[in-house]
Amino acid sequence: MGIFFPKEGLAVEEPVSLSRGLGSSSHLRLKSIDSGMASSTLLAILKLLMILICAGWVALWILKPTQIWTRKWKVAEESANNTIFGYYGLNFAVYTFPIIAVCIIGLLFLDLKAANQRSRSSRTSSIISSSPLVVNSFLGILSSIEILVILLFILFLAWTYYARISNDFKKLLPDKSLKLNLWQLKYLRIATRFGLLAEACLALLLLPILRGLALFRILGIQFEASVRYHTWLGTAMIFFAAIHGASTCFVWGVSHHIQKEIWKWQSTGRIYLAGAITLVTGLVIYVTSLPQIRRMKFEIFYYTHHLYTIFLVFFLFHGGDRHFYTVFGGLFLFSLDKLLRIIQSSPRTCMISARTFPSKAVEIVLPKDPWLKYMATSVIFMKIPAISHLQWHSFSIISSSRAENQTMSVIIKSEGWWTNSLYDLIQAEIEKGADKRKGIPVAIEGPYGPASLDFLKYDSLLLVAGGSGITPFLSILEELNSSSSKSRYPSRIHLVYVIKKAQDFCLLHPISHLLVNHSTENCHLNLKLFVTQETQAGVGIKELLNEFSKVRTLELDTVCANYAVHGPESPCCLAAIVGMSSIIFLFFLICFNHVIIPSGKHSNSSKQKTPSWMVDLLLIAAFVLALACNGLVAVLLRWRRLKKGIQPISEKDMKPLDLSSAEIRNALEEHEVHFGGRPNFEDIFGMFQEETCGSNIGVLVCGPETLKESVAAACRKQSNCFKFGGGKRTEPCFTFHSLNFTL
């Protein structure tokens, strides 16, 4: 009986315990479902808010050239002047704050979306927005959404110009003070309105190059991809500004007023000298950013681009504060983003180790905080003071935060002065004895990457890389290989790698284990290697893998730094900082305008007595103080987050590959090596049509523009994504994505 009762007790208790466990599990599952529904609802609300604010801001710009808006706006400014906010508060709230509000809501949206990544996202929007519609050597690769937005923007510029000019010509009278006849006055008005077109481009110019506060991440566009929108807007802005400035000078030259007008720094109205300085500065920035100069003399491009401060300050003096508020949203976010990046890159860290490859490439391993997570294809910006105290360069991370908990790695190929200096620096350290080696300090910004990996959720992936363009794909392969979810990511991957010389194959060193074991639990990898400038007979993957023995490793001392890479602040924290910045700026602006400007400023007479440049300086002072206050807050948050000390890191031993077993030899035979030719992408896409049936295939390409255009043209020709019908699709759908490994 003594033995029986415990057994009976166990027999009675087991079902009770099991039922409680099932009940608890069901409760947790229901709670998870409710939480997911709440998150999805909140995401939808935030998305709707952003759409409404953007629609209102766009409608404002469309109505701005009309006479109805002009009359209503004058009444609104007069009413605002009788309040504590003044006309400046109204201008800030209407023209500037909508962009800031979209940024705040967008950051909250990204933070919530990152926490809600368990659900599988729809691919329809990705297919429509990513599929190339135009492939041209001059225009590049354009999707249908990009073409639509460009056409709408051109239509908006045409409407703005027509509305302004038609209103000007209706009430045009000869100007006796400038002694201009009617045709000269008409031409002057035409020139003036081109300045408004440049202003519209300037309002959007800085938004594509935001990093931590990147608005384009909401649309799934990464920073390095959105830079080309900045280039397009900058080109359009300089074009309109050049017509504006040259035409104005022409009219003054014809009327013999050019020396009198251009050197005058009047108290009120347009300051034309400031406009001339703005135009000259903008032209210098534009000319030095042309591809011919940027690629050959990157340092000239980099340093002259910092003249944007002079450009924007003198634009404020030229256009006045009312015009400045229309472009202030982008500048506000860009300046705050720049300040946060400076704070994030301090203090510096140190390299843990480095490897040099025969192709004059370097792999750098950096310590990171174990809590720092980033997506595949993320980039970091790196500054090495031993080479330059000012230059920052972007590089794709080749490691996965899922696989590597304490380190992150980048591969840098020597292609310019800075990268060659880095290679020489590492080589010099290798030649030294272990006791004489010193740590190499490094400053890091980032990582910056996509908000999600939705662009990897395909049945199969075709990765096409050229040269250094392989670096984003190394992180993708590491991410897919280390993923614990079998249904989330593609199981079949084809990698097409195009290189000039066989020694460039060493860039695949970090994924050598995947090449040997090409079929793992999570993915099946097949490599097609094309060596375009060499011809070798009887050389396969096995012989190329033997070249990995030429890789040299450098172990470095990390005593030069006590901190690992911690990454940027969370999106939620950044949203709070942006919101606080706008409030502090408005507070200082109101205080300055009420304390410094005479108390009778609301009247027209006292407003005329106050020089316009003084109002502009007050705006600058309020902005600088707002940045300083938020910089102090960001520093406190940063140092509170940092953990001093770098934890001991066990570096992975890169053991020589054993290529003697029959299993490995059979695996290597599935990879292909082609010498002396380029890939025929139509044939490669045709192979997918034979291997897959009715599947979604993601086509990711990274490399030279000519390579991207060839892949995009083949993708557009072969893809059947837009064949609508009730039947099941029997042919594969190719969806194109273009990645950048550098700027």
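Q: Axes are lines fitted to C-alpha atoms, for helices over the stretch in contact, and angles run from 0 to 180 degrees between N-to-C directions. With that in hand, at what angle do helix α3 and helix α18 pack?

A: First, a caution: this is a predicted model. Now the general idea. A packed helix pair is described by two values, the angle between the axes and the distance between them. Here, α3 covers residues 86-114 and α18 covers residues 571-595. Their packing angle is about 165°, and the axes lie 7 Å apart. Angles over 145 degrees count as roughly antiparallel, so α3 is roughly antiparallel to α18.

Q: Is the crossing of α3 and α18 left-handed or right-handed?

A: These two helices cross in a left-handed way. The residues of their contact comprise 17 nonpolar, 5 polar and 1 charged.

Q: Which residues of α2 and α3 meet?

A: From α2 come Trp-69, Trp-73, Ala-76, Glu-77, Ala-80 and Asn-81. From α3 come Gly-86, Tyr-87, Leu-90, Asn-91, Val-94 and Tyr-95. By class, that contact holds 8 nonpolar, 3 polar and 1 charged residues.

Q: Now the backbone. Where is a cis peptide bond found?

A: The background first: most peptide bonds are trans, and most residues other than glycine have a negative phi. In this chain, a cis peptide bond links Gly-446 to Pro-447, with omega about 5°. Pro-447 sits in strand β9, residues 441-448.

Q: What is the phi of Lys-360?

A: Near 60°, a positive value in a residue that is not glycine. Lys-360 lies in the loop between β4 (353-357) and β5 (361-367). Its relative accessible area is 35%, which means Lys-360 is partly exposed.

Q: And Thr-377: buried or exposed?

A: Start with its backbone. Thr-377 is not a glycine, yet its phi is positive, about 75°. It lies in the loop between β5 and β6 (379-383). Buried means under 20% relative accessible area. Thr-377 has 3% relative accessibility, so it counts as buried.

Q: Next, a residue inside a helix. Which residues does Phe-334 touch?

A: Begin with its setting. Phe-334 is in helix α13, residues 321-344. Its relative accessible area is 8%, so Phe-334 is buried. Leaving out residues up to four places away in sequence, Phe-334 touches Leu-206, Ile-209, Leu-210, Tyr-308 and Arg-341. Take Ile-209 as one of them. Phe-334 and Ile-209 are 125 residues apart in sequence but 7.9 Å apart in space, C-alpha to C-alpha.

Q: Zoom out. How many helices and strands does the protein chain have?

A: The chain has 23 helices and 16 strands. It has 743 residues, and buried residues make up 51% of them. For contacts, consider those with a separation of 6 or more: 80% involve residues 24 or more positions apart.

Technical notes. Residues are numbered from 1 along each chain as its sequence is written. This is a predicted model: local features need pLDDT of at least 70, side-chain atom pairs count only at pLDDT 80 or more; totals for chains, interfaces and linings use all residues. Side-chain values use heavy atoms; hydrogens and water are left out. Helices (H or I, at least four residues) and strands (E, at least two) are DSSP runs, numbered from the N terminus. Angles under 35 degrees count as roughly parallel, over 145 as roughly antiparallel, 65 to 115 as roughly perpendicular and the rest as oblique. A crossing is left-handed if the near helix is turned anticlockwise from the far one by less than a right angle, and right-handed if clockwise. Ala, Val, Leu, Ile, Met, Phe, Trp, Tyr, Cys and Pro count as nonpolar, Asp, Glu, Lys and Arg as charged, and the others, Gly among them, as polar. Buried means under 20% relative accessible area, exposed over 50%, partly exposed in between (1.4 Å probe, protein chains only). Contact means heavy atoms within 4.5 Å.
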